[in-house]
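Have the 3D view open as you go.

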Amino acid sequence: MSDVTPADLRRILDQQRAAFLNAGPPDLKQRRTDLRHLKAEILKRRSDILRALKTDFGQRSERESAIVELIPLVQSINYMIAHLGHWMKPQRRHVSAYFQCGRAWVVRQPVGIVGIIAPWNYPVSLALVPLATAIAAGNRAMLKPSEFTPATSAVIGEIVQAVFPTEQASVVTGGGEVGAAFSALPFNHILFTGSTAVGKKVAEAAARNLTPVTLELGGKSPVVIEPGFSMQRVADRVAFGKLTNAGQTCIAPDYVLVHEDDRDTFASAWQEAVKKQHPGGYVGSPDYTAILNQHHYERLIGLIGNAETQGARVIRLGRDSAADHVLAPVLLLNVTPQMAVMQEEIFGPVLPVLTYRTLDEAIAFINARPHPLALYYFGDNRTERDKVLKSTVSGNVTINGTLLHIAQDDLPFGGVGDSGIGAYHGREGFIALTHARGVYQQGRFNAATLLQPPFGKLTDAITNLILR
Ligand code: NAD
């Protein structure tokens, strides 16, 4: 696929807008049919998708991709098909005593044309869940996938083209420049998934058109472990969260905050858990994924090197391959907040461990930094857990586990502050991409008409009655 020009983008948008105005909002039956077609096409192209992901990453676990890309995507489409009827129903609202013969309700209207910008780390689900949500909400959509996953973008383009006419949904390709032109278009909503830095640029461009945005961004998601908690359980689940997609996951546990007395137990349990999950090593393993490209591999090597120079203990858990940009898991002990690894989102299989003496210290550490996209708490003590949850602000939380809040279709998914604006998934996705239009129908008899001119004594009596 060749990159689009700004003129192409504008033409597609105009075409979609004209079709939207002409056809009006699709009914429930049409939306369900569209979603079923989309799901069928995704399933039909399953092996093409998995092959394309492998091409883009060089080494990407097919089984893991099926589990973390395709299952959540298909599940979320199924969920939308099942619940859309309920979400679309107009909602009766209360009218006050003075308007009693009237009626009020809220209709969720499609907003029109949604612009979707997707990142490279889960290039299938992070492109197609937003698209399915836009369709479920009755909109039309333009989608710009990442320039770093060209093979996957090509398959996504073919899937979308097979299911939808261009005036309903269209995939356009290109890098940052196309992204900038794309986000400057007068969409009715932009759903952006990517880094905080680019998210700010998208918000700025959208503001010029007063286009509302949903920004799904990144950040450093902490794991807080309660003092004395079983480290086997923690280690296994943190390893799963950190090593899925080799840590290239927006909600991957970024670093661990553990009580100083438990640090060594955690460190050995983590090494055990990692070895158990990946007995065959990393380079060439069918269960492990490479870092996207040389640039990101070098970036991670740089973070490890910087930590080592500043006194961190680096525990490498396997053999790497610079040529294939495969990075084996790395545990970092004696980490300080000044190290580069604690200054940026890691986005790789590197786990810094920091220690605390009291939970208050751990809470203060989190609160001194931008709000994380996810927070993980391990522990059975309700009082301690509630204290951490009440005293911090973050995107979603998984208790005694990692990542899995994302698989709950009935939970909103989104960050807060630097980790995002707004949320989608399930019902919240439908809400984000529709407009809540309030409708009031005045009754034949209505006390409010007594407050119209000509005013008189009765007006005063009613006014005084209300203003008691
Ligand atoms: P990125 O921000 O570099 O790119 C994301 C998309 O934005 C790409 O399609 C890119 O072409 C486009 N883009 C680049 N410059 C642009 C501009 N000026 N205007 C508009 N669009 C532009 O992010 P990435 O490297 O692809 O992805 C990694 C980041 O995404 C990480 O920070 C990660 O945490 C975050 N992420 C967040 C979520 C979430 O759901 N919250 C999910 C996955 C990834």
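1. Start at alanine 118: one of its polar backbone atoms is 2.7 Å from an oxygen atom of the ligand. That makes a polar contact (a pair of N or O atoms within 3.5 Å). Taken alone, the ligand exposes 850 Å², and the protein buries 90% of that (Shrake-Rupley areas, 1.4 Å probe).

2. A word on the basis: this is a predicted model, where local features need pLDDT of at least 70 and side-chain atom pairs pLDDT 80 or more, while totals for chains, interfaces and linings use all residues. Numbering runs from 1 along each chain as its sequence is written, and side-chain values use heavy atoms, leaving out hydrogens and water.

3. Glutamate 345 has a polar side-chain atom 2.5 Å from one, and tryptophan 120 has one at 2.9 Å.

4. Now the wider shell. There are 30 residues around the ligand, and Ala118, Glu147, Ser195, Leu217 and Glu345 come nearest (near means a heavy atom within 4 Å). By class, the shell has 15 nonpolar, 10 polar and 5 charged residues, with Gly counted as polar and Trp and Tyr as nonpolar.

5. Where does the largest share of the shell come from? Helix H7 gives 4 residues. H7 (176–183), strand E6 (189–193) and helix H8 (196–208) each supply at least two (DSSP runs; helices of at least four residues, strands of at least two).

6. Both domain 1 (6–217 + 420–437) and domain 2 (222–407) give the shell at least three residues each; the bounds come from an automatic or database domain assignment.

Technical notes:
Polar contact = N/O pair within 3.5 Å; in protein donor to acceptor, adjacent residues only side chain to side chain.
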